[in-house]
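Hi,

Here is the structure I promised to pass on. Have a look at it first, and my notes follow below.

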Amino acid sequence: MKEEAVVKVALVSCGSEYAGVHGELESVAESVNARLVYPEIDVSSLDTIGKEFGLEAASPDLRLMMARAKAVVEGIADVDGVFITSCFRCAEAAIVRNEVRRYIHRHSDIPVISYSFTERTTAATLLTRMEALTTIARRRHLLAREHQSGLTAGIDSGSTTTKAVIMKDDKIIGSGWVPTIKVIESATEAFDHALEEAGVKREDIQAMGTTGYGRFLVGEHFNAQLIQEEITVNSKGAVYLAGKQKGSATVIDIGGMDNKAISVEDGIPGMFTMGGICAGASGRFLDMTAKRLGIDITELGALAVKGMQEKVSMNSYCIVFGIQSLVNSLAKGSTPEDVAAAACYSVVEQIYEQQLQEVDVKEPLILVGGSSLIEGVPKALSELLKIKVLVPPNSHLIGAVGSALLSSGYVEE
Amino acid sequence: MVKVIIYPTNSLILSDLVERFGHTPIAMMAKIKEKVSTVGVDSPPLNITPEEPKMGLKYAAVEVPAGVRGRMAIVGPMIDEAEAAIIVNESPMAFGCMGCARTNELTKFLIRQRDMPILEVDYPKGDDEAREFVYKIGEFLKSLPKDEKEGEE
């Protein structure tokens with residue numbers, strides 16, 4: 001099958017061979033049927049590339065990185081995707097890696113991911129990223145799908161909640177949203193709820209897609225036609241729900257465990273980052289804030305909108321310290337409104353500081369994921385970035401909607 | 001008259017040359033003066049607060065050390081503001097220096113990315129080269145528009 005063709009990924013790195021992680025890089029590539037290739041360059045170009053590229057890096061291996069990026073852009077190396085990687089904590093590499101990533105993104109439409117590794121980086125850490133990279137390269141036709149057709153289902157088995165939707169001819173006719181406890185049981189519960197609401201039976205479903213952390217387990221259990229990581233699915237779901245499938249967009253997905261920032265062009269992700277240093281920058285922190293304030297998570301947003309974050313000093317760089325400053329500020333007499341606003345601002349600030357530098361933010365900025373429903377979050381993000389933040393309807397169901405949309409490609413097949 | 005960013009960003013000689021040819025130098029000294037003389041007690045002597053490295057995120061990712069980002073919080077807007085640039089390569093420290101090789105690399109890179117007239121010259125190694133050096137800079141500065149109207153043409 002054409003879809004299973006090997007994807008050639010250019011490894012644009014600086015010394016991953018010396019860092020003890022190369023085996024893991026090879027292993028993750030193999031697991032998604034990709035092959036790492038090293039763009040050929042002229043050795044003499046290493047003496048001139050610094051000046052030519054404009055960045056005179058002292059490390060020759062970083063100059064090699066620039067030369068390889070140039071070979072990719074100029075088509076000397078025929079590749080489908082680029083993986084840019086360098087050591088974590090190397091200042092010069094961080095500068096070069098970023099500029100090389102921007103350079104490739106600006107001068108080609110080849111998907112790029114960048115990652116800084118430590119000797120503890122494993123293939124599992126890189127799987128979702130590499131899967132997304134190969135999907136973009138391999139399944140452009142699938143990602144180009146703009147309409148949902150037939151009767152399809154999507155299940156997003158997330159780290160905190162499991163979402164399911166049933167869609168028919170571009171409409172959500174049923175949905176389910178339950179906390180993730182046991183992966184398959186929770187998925188079944190959400191799915192059954194969605195089926196009941198839609199008034200259809202399991203056997204009527206023509207195609208199904210799964211995404212999220214539990215995608216493989218759930219996908220196999222339900223014999224899903226599409227089992228897909230959340231980067232491509234969520235960005236597709238976001239532009240679909242927001243009605244912004246053409247042109248540029250930036251998608252920010254604040255999840256229960258990690259966050260994604262994705263640059264999207266015509267519905268197809270170009271650059272993306274995944275992560276956050278600590279759960280302090282994720283929906284989990286907001287969940288804990290709500291619990292500490294003695295309110296339901298659904299009430300946190302309305303409370304935050306009434307407060308002023310400036311009155312409370314909070315830094316959720318680390319979730320433990322974040323909770324500590326929350327407790328301290330309450331002990332000092334801060335109002336729950338101000339604390340709720342500060343918690344929302346703190347999460348958004350972490351995303352801004354840790355992730356948004358890695359993608360070029362282009363309007364419209366679409367905020368999705370369960371946290372987007374907490375009104376204080378889009379408000380804080382809008383204040384920080386000074387741009388309008390779009391929260392599409394059903395933004396919390398984004399992964400499930402993206403899966404149902406993309407899986408409808410299998411209805412016609 | 002155009003705003004000319006100089007590199008090294010704190011070179012007194014370059015700053016003086018730009019001024020003599022009737023343009024406005026964008027140099028670190030003026031920015032540091034602003035910092036030092038603005039009332040603030042946060043982080044003497046430069047009054048750089050933890051906010052500056054955050055502002056520097058516009059120019060360098062979070063993984064780049066805070067000192068580079070703090071410097072970029074000052075240099076970055078200077079690059080954005082510039083209408084022309086003079087870069088002197090391979091200069092000794094006394095000619096001007098930002099004190100940080102990574103900031104130097106990034107500063108030069110960002111200047112080069114701007115679509116504006118840029119002169120790059122090497123620091124002279126002897127008297128003849130020094131004359132040539134000043135001549136080249138002089139010719140470059142003379143080639144820049146003297147007033148805004150000229151610049152629009």
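Let me start with one residue: leaving out residues up to four places away in sequence, A:His22 touches A:Ser16 and A:Glu17 (contact means C-beta atoms, placed from the backbone, within 7 Å). A:His22 sits in helix α1 of chain A, residues 22-31; helices (H or I, at least four residues) and strands (E, at least two) are DSSP runs, numbered from the N terminus. A:Ser116 is 94 residues from A:His22 in sequence, with 13 Å between their C-alpha atoms.

Some bookkeeping before the rest. This is a predicted model, where local features need pLDDT of at least 70 and side-chain atom pairs count only at pLDDT 80 or more, while totals for chains, interfaces and linings use all residues. Residues are numbered from 1 along each chain as its sequence is written, and chains are lettered from A and ligands numbered from 1 in the order in which they are written.

Zooming out, chain A has 16 helices and 14 strands. Its radius of gyration is 22 Å, close to the 22 Å from the globule rule for 413 residues, so chain A is as compact as a globular protein of that length (the radius is over C-alpha atoms, and the rule is 2.2 Å times the number of residues to the power 0.38). Buried residues account for 56% of the 413 in chain A.

Now the interface: 16 residues from chain A meet 17 residues from chain B. On the chain A side, α4 (91-107) and α13 (336-354) each supply at least two residues, and α4(A) gives the largest share, six residues.

Chain B has its own α4, residues 66-81, and there is a kink of about 40° at B:Ala73, shortly before the proline B:Pro77 (the bend is the angle between axes fitted to the seven residues ending there and the seven starting there). Buried residues of α4(B) include B:Met72, B:Ala73 and B:Ile74. The buried residues of this helix pack against α4 of chain A, and also against several elements of chain B, among them β1 (3-7) and α5 (101-113).

Cheers

Notes. A residue is buried if 20 or more other C-beta atoms lie within 10 Å of its own, exposed if 12 or fewer, and partly exposed in between; C-beta atoms are placed from the backbone. Two residues are in contact if their C-beta atoms, placed from the backbone, lie within 7 Å. The expected span of a helix is 1.5 Å times one less than its number of residues.
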